[in-house]
Amino acid sequence: MFDRRLVQNFDWILLLLLLLLAGISILNLYSATYAIRDVGGSQVFVKQIYWFLIGFAVFFVMTTFNYFALERLAYPAYIFTIALLILVLFVGKVTSGSQRWLSLGPVSFQPSELAKIAMVIVLARFFSEKRGYRGYRLRDLWQPFILIAAPSVLILREPDLGTALLLVAGSFSMILFVKMYWKSLVILVGSAVSVAPFIWFSLKEYQRMRILTFIRPDMDPFGAGYHINQSKIAIGSGLLWGKGYLRGTQTRLHFLPEQHTDFALSVLAEEWGFVGSAFLLLLYLFLILWGLNIAKASKDKFGSIMAVGIVAFIFWQIVINVGMVTGLLPVVGIPLLLFSYGGSSLISTMAAMGLLMNISMRRFMFQ
Amino acid sequence: MRTSEFDPLSLEIFDRQLKKVTLVVLAVFGVLVLRFWFLQVVNGSVYRTKSESNRIHLQDISPFRGMILDRNGATLVDNRPSYDLYVVPEEVQDLEELLERLSRLAGLGAEEAERKLDEASLRYPFRPICLKRDLSRDELAKVETHRFNLPGVIIKVAPQRHYINGTFASHLIGYLGEINENQLNSGKYTDSKPGDLIGKSGVEWKWQRDLNGVRGGAQVEVDATGRKIRVMARKTPVPGENVCLTIDKDLQAVAEKALAGKSGAIVAMDPNNGEILALASSPSFDPNLFVGGIDRASWEGIVLSGDFPLQDRALSGQYPPGSVFKIVVALAGLEEGIIDPEEELVCTGIYYLGRRGYRCWKKYGHGTVSLHRALVESCDVYFYNMGRRLGIDKIAEYAMRFGLGKRTGFDPVHEKAGLIPTRDWKLKRWGVPWQGGETLSTAIGQSFVLVTPIQMAAFVSAVFNGGIVYRPQVTRWVGKSETEKIHEFAPVVTGKIGIKQEHLEFVKNALIGVVNEPHGTGGRARMKEVTVAGKTGTSQVISLKKEEEFESEKDIPVRFRDHAWFVAVAPAENPRIAVAIVVEHGGHGGSAAAPIAGQLIKAYLGLDRSVLAEAVTD
């Protein structure tokens, strides 16, 4: 049963990229929590090491089976995820005003993390079926729209605006990739613009405030705009070479909000300067381009679209977080992939990476 | 073969799409890298500066405000620790629940707390907001034991002004309040910042600069929650100077007890130098209520009570002096040579000026009176005659020699000047000429004449100390201690009355008679131990004529009853204490005010320990 080609085709570059990112992440978390090491801070980076270990385990598990099996499992997995998303609204743990976590004995996880992977798989399954070459019209897309809308609305109800936004962005990137008719696209964008006001009024007050202060951060420099400003101060004060490892004053003194989660990148930028930030961005760019290369190398539509979907999701997560901490995008609370502290998102990312590896390893299947 | 295997055309389309995607990704990452370039290289130095100021905060260290002592060194005002409850809203998960808990534990008004948080949280994120000052022992214990359950709650200790005896000498000592915009802009409070407490009245106000001390500061490295990481530089605050008053704590207590439940004022003064020994105004207030911001209910209780407890009646209460003013007329008459002490006039109870009759307080008259008896029995008709002979401008001239009609200089802001009417004044103020009848009323201290109790104390002192008008003062010294003082009491003479000793002696003798002779109006201040001299006065709230419409004195509504005056000095031969007392709506000076003078003199001269003990234990 074991195919030697699996070992020959093992994607060492992908693994190397992941190990590099994991190393930088842990190093940075150590610094980010250095100031609070006496009050439980040191646990943060130790825990993250464990999370990475578990993450890599999941990563390898995800490479052991043939991803073709997922084509059959796509819909059942999707429905299972939806069920969990409904469940979390009833029995989920409430933390700081939202209900995102499901507890399974000692471990708890966010079903919304699972939803990202399920979304990629189910859309890849849908779009791998044969269609015309000119792309999709709106009427061909009602099924994917429902597939996207259901988990997005449920996640929005938790409420978790960031993840819902990510789900929509990632999914539509996949649709754009498999091509739409130009006319359909115009209609879609036009209608999106016209429902925007309704979405605006359905947002929570703090979310609206965040968008408003994103547009005009000077409006309230000590209130909602505080996060963005402090983050920009941290990043900017790093200058070209940074203040040095463990020397970030913004970080040391807790001026950065959520500095080991959503704003972990600001810590790196403060301590390592433009050189460090650019290096990290290049690593991410390389990861994305490598993912696209895997998509290109894959010999079947399902695997290829799935690889593109995974890349789309990691792309958006990176862009939203980097845009947020640098003040280009609203503060929506999405951690930086493979970098911020947080077990749930790390495990799901590593699972997705495992899937990517899985596709990469089996690119020979049709040869 | 699986369904999803690429056909050649799809493969080509996919490759084309992947190329587009690659371009998009490169473009977006280009933007992100440029953004970092912009923040860190182009604008980096600006942010570097911001990050420096962000972590180094200047923290104030308030100095200890100086203490206020009485003349014998007893502490009247000091500072005590106040346990203040702060909340850092950003560290609280469920604010509503926290407030609910705090209202249970610390009696916190949820509505007021929410308002404070709303006001402050926008301006000062991650900074502790004070929700309640000065927790009680019970509240503190409850909050401390539940601390683990109250994330974001901080207890800070700060010195708080403590008025040890509550309402004791509250008008004189004054109170603290938050500095206001005008005061900040005035340039007088160079060391003060918004939110600081400064003296708003009394001694706290007068000696604000010395009491306050000099603010210290520390350059501290702080984190965003305001927690101190380390102190980088420090300037030690200089504690304020202590202020030792001329007030005698025990005498003050006696004075306040005498006025309890009444409206009025008492000023006791050393006639030989102007030192204020006691200064009481009733009703009073508790200055502790003002420290750290007075609450609404207490404020309304004070302001809307209708009898103006904040007003210091000893300085700003202006009353017609009534018959006390006859001392001025008598001295003026003697000095001008228009009164012959031997001359006898007949008082029939009424004096006619033209067709109008002016009454004497004694309905059926005093019979034949000379100056001595006219003063002792306070005959109005005698002084109508003398007033008419002198004329209003002469009366005014002598009154002003005593410092009446202008501020004594005790407190240039809150003190009132009173009023000594002249012809010019009448014409200017009212646009009509002076009337002859008004001279008569003025001669017995009614109509337009107004004086304050502190003016009366200085006035009676001058009569008995040989004619020197001293400025009333209340500070013995300012400094660390009596041996390390930066300011010391020195008598200030504001005027000399310039009246011959023999005339003064004659009047002094008559004033001894007021208290000690059989028909004297001030008999109730008499004591066997020392000779008390004094003069009663009754300032009319409504005219005598109207008063007669009532069957007896008791039928007159309180608000229409006369104010009772009594000024006194003891011992008359060698004066050590002068007092001026006014009891609003007290009726006759002889019955309402004279007994109080007796108590004060006894207490101060140590003649009656029981008066003292009683007052002090209260």
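**Exercise 1. The two chains**

Among contacts in chain A between residues at least 6 apart in sequence, what percentage join residues at least 24 apart?

*Solution.* The model is predicted: local features need pLDDT of at least 70, side-chain atom pairs count only at pLDDT 80 or more, and totals for chains, interfaces and linings use all residues. Residues are numbered from 1 along each chain as its sequence is written, chains are lettered from A and ligands numbered from 1 in the order in which they are written, and side-chain values use heavy atoms, with hydrogens and water left out.

Step 1. Take contacts. Contact means heavy atoms within 4.5 Å. In chain A, 74% of the contacts between residues at least 6 apart join residues at least 24 apart. For chain B, with a separation of 6 or more, residues 24 or more positions apart account for 69%.

Step 2. Take secondary structure. Helices (H or I, at least four residues) and strands (E, at least two) are DSSP runs, numbered from the N terminus. Chain A has 14 helices and 3 strands. Chain B has 24 helices and 23 strands.

Step 3. Take burial. Buried means under 20% relative accessible area, exposed over 50%, and partly exposed in between (1.4 Å probe, protein chains only). Of the 367 residues of chain A, 56% are buried. Chain B has 618 residues, and 52% of them are buried.

Step 4. Take surface. Accessible areas come from the Shrake-Rupley method with a 1.4 Å probe; for residues, only the protein chains shown count as cover. Chain A exposes about 15600 Å², with 70% supplied by carbon and sulfur atoms. Chain B exposes about 28400 Å², and there carbon and sulfur atoms supply 51%.

**Exercise 2. A cavity in chain A**

Which domains of chain A give residues to the lining of the second largest cavity, and where does this cavity lie?

*Solution.* Step 1. On a 1 Å grid over the protein atoms alone, a cavity is a set of points where a 1.4 Å probe fits but cannot get out; lining residues have an atom within 4 Å of a point. Grid points are joined across faces, edges and corners, and a volume is the space filled by probe spheres set on the points.

Step 1. Count and size. The structure holds 3 cavities of 30 Å³ or more.

Step 2. Read the lining. Among its residues are A:Glu113, A:Lys116, A:Phe313, A:Gln317 and A:Ser348. Helices H5 (111-127), H13 (301-325) and H14 (343-361) of chain A each supply at least two lining residues.

Step 3. Sort the lining. It divides into 7 nonpolar, 3 polar and 2 charged residues. Here Ala, Val, Leu, Ile, Met, Phe, Trp, Tyr, Cys and Pro count as nonpolar, Asp, Glu, Lys and Arg as charged, and the others, Gly among them, as polar.

Step 4. Domain 1 (1-64 + 216-367) and domain 2 (65-202) of chain A both give residues to the lining, so the cavity lies between them. Domain bounds come from an automatic or database domain assignment.

**Exercise 3. Partners across the sequence**

Which residues are in contact with A:Ile347, leaving aside its neighbours within four places in sequence?

*Solution.* Step 1. A:Ile347 sits in helix H14 of chain A. Its contacts are A:Trp51, A:Ile54, A:Gly55 and A:Val58, neighbours within four places left aside. A:Gly55 is 292 residues away along the chain, yet the two C-alpha atoms are separated by 4.9 Å.

Step 1. A:Leu283 belongs to helix H12 (residues 264-297) of chain A. A:Leu283 is buried, because its relative accessible area is 8%. Not counting residues up to four places away, A:Leu283 touches A:Leu17, A:Leu20, A:Leu21 and A:Ile24.

Step 2. B:His503 is in helix H20 (residues 501-516) of chain B. Its 12% relative accessibility is why B:His503 counts as buried. Beyond neighbours within four places, B:His503 is in contact with B:Leu331, B:Leu334 and B:Glu335.

Methods. On a 1 Å grid over the protein atoms alone, a cavity is a set of points where a 1.4 Å probe fits but cannot get out, and a pocket is an open set with protein on both sides within 12 Å along at least five of seven lines; lining residues have an atom within 4 Å of a point.
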